[in-house]
Amino acid sequence: MEKTEIYNGNTLDKFKTIFSCIDNTTLEGADTHQKVEQLCRRSLQMTDRSKGIPTVAAVCVYPVFVRQAKQLLEGSGIKVASVAGAFPAGQSPIEIKLAEVRYALNEGADEIDMVISRGSLLEGNDQKVKDEVAAIKEACGDRHLKAILETGELQNSDNIYRASMLAMQGGADFIKTSTGKIAVSATPESAQTMLQAIVDFEKTSSRKIGFKAAGGISTPEQALEYYNLTFRMMGHERANNQYFRIGASRLTNRIFELLTQ
């Protein structure tokens, strides 16, 4: 990838921040211990302090790979995130979801990415959606919980806004756009609705909520669009991986290559 005018000065600094906010992800049915090892070792290698290039924020894997990732990343500062709670469909009883979440936590996960019950939300069962988030957050304790809304299944902006509010009321530390497993993943329009919900929620809450864009974000230009949108609405003092994440696979290599040219 060639550096062009758009990739000079302040924009390159933005890409460094974006890189530090990436959850480097593999979530495929064909994942193997070898593939997870390659992901972790590559994540460890993709940093250059002399050029101000930080590490990624986290590696995100299925629960069965958490222990392996935790061992490989020990001492690096890179967190281990795990999808849990009947990812990606969310169509399991809460007892099953909690069992999987607790398994991932016991294996060493620093963060949990759960999926909300979209079917329950579409049926109007808001209390169930909120209660499930609350139960999983209770299991997580002080470890970060990201609630995936799967905005592409929520039909309209009103439902996306409502799902965002319910997830935050249930205790989620982040709200996340998508699983990346359906045709319609993250979009700027759904992100804007979620960010507005965060702004509104924080007006009456003492909690600060993070935002994660995920699903189909594969180019630096796309990542920059979500970065600019997020901090235009939330403020640039939140420009760090405590409050902003991007779930990515191909994007990680592309931004690192851009920064090391």
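Start with a helix pair: helix 7, residues 157-169, and helix 8, residues 188-203, pack at about 45°, with their axes 9 Å apart. That angle makes helix 7 oblique to helix 8 (under 35 degrees is roughly parallel, over 145 roughly antiparallel, 65 to 115 roughly perpendicular, the rest oblique). Axes are lines fitted to C-alpha atoms over the stretch in contact, and angles run from 0 to 180 degrees between N-to-C directions. Helices are DSSP runs of H or I, at least four residues; strands are E, at least two; both are numbered from the N terminus.

A word on the source: this is a predicted model, where local features need pLDDT of at least 70, side-chain atom pairs need 80 or more, and totals for chains, interfaces and linings use all residues. Residues are numbered from 1 along each chain as its sequence is written, and side-chain values use heavy atoms, without hydrogens or water.

Who meets whom? From helix 7, the contacts (heavy atoms within 4.5 Å) include Y161 and M165; from helix 8, they include M194 and F201.

Next, K176, in strand 6, residues 174-176. Buried or exposed? K176 is buried, at 4% relative accessibility (buried is under 20%, exposed over 50%, partly exposed in between, with a 1.4 Å probe and protein chains only). Beyond four places in sequence, its contacts include D113, E150 and M194.

Last, E225, in helix 9, residues 220-234. E225 is partly exposed, at 42%. Its C-alpha is 7.8 Å from that of P188, 37 residues away in sequence.
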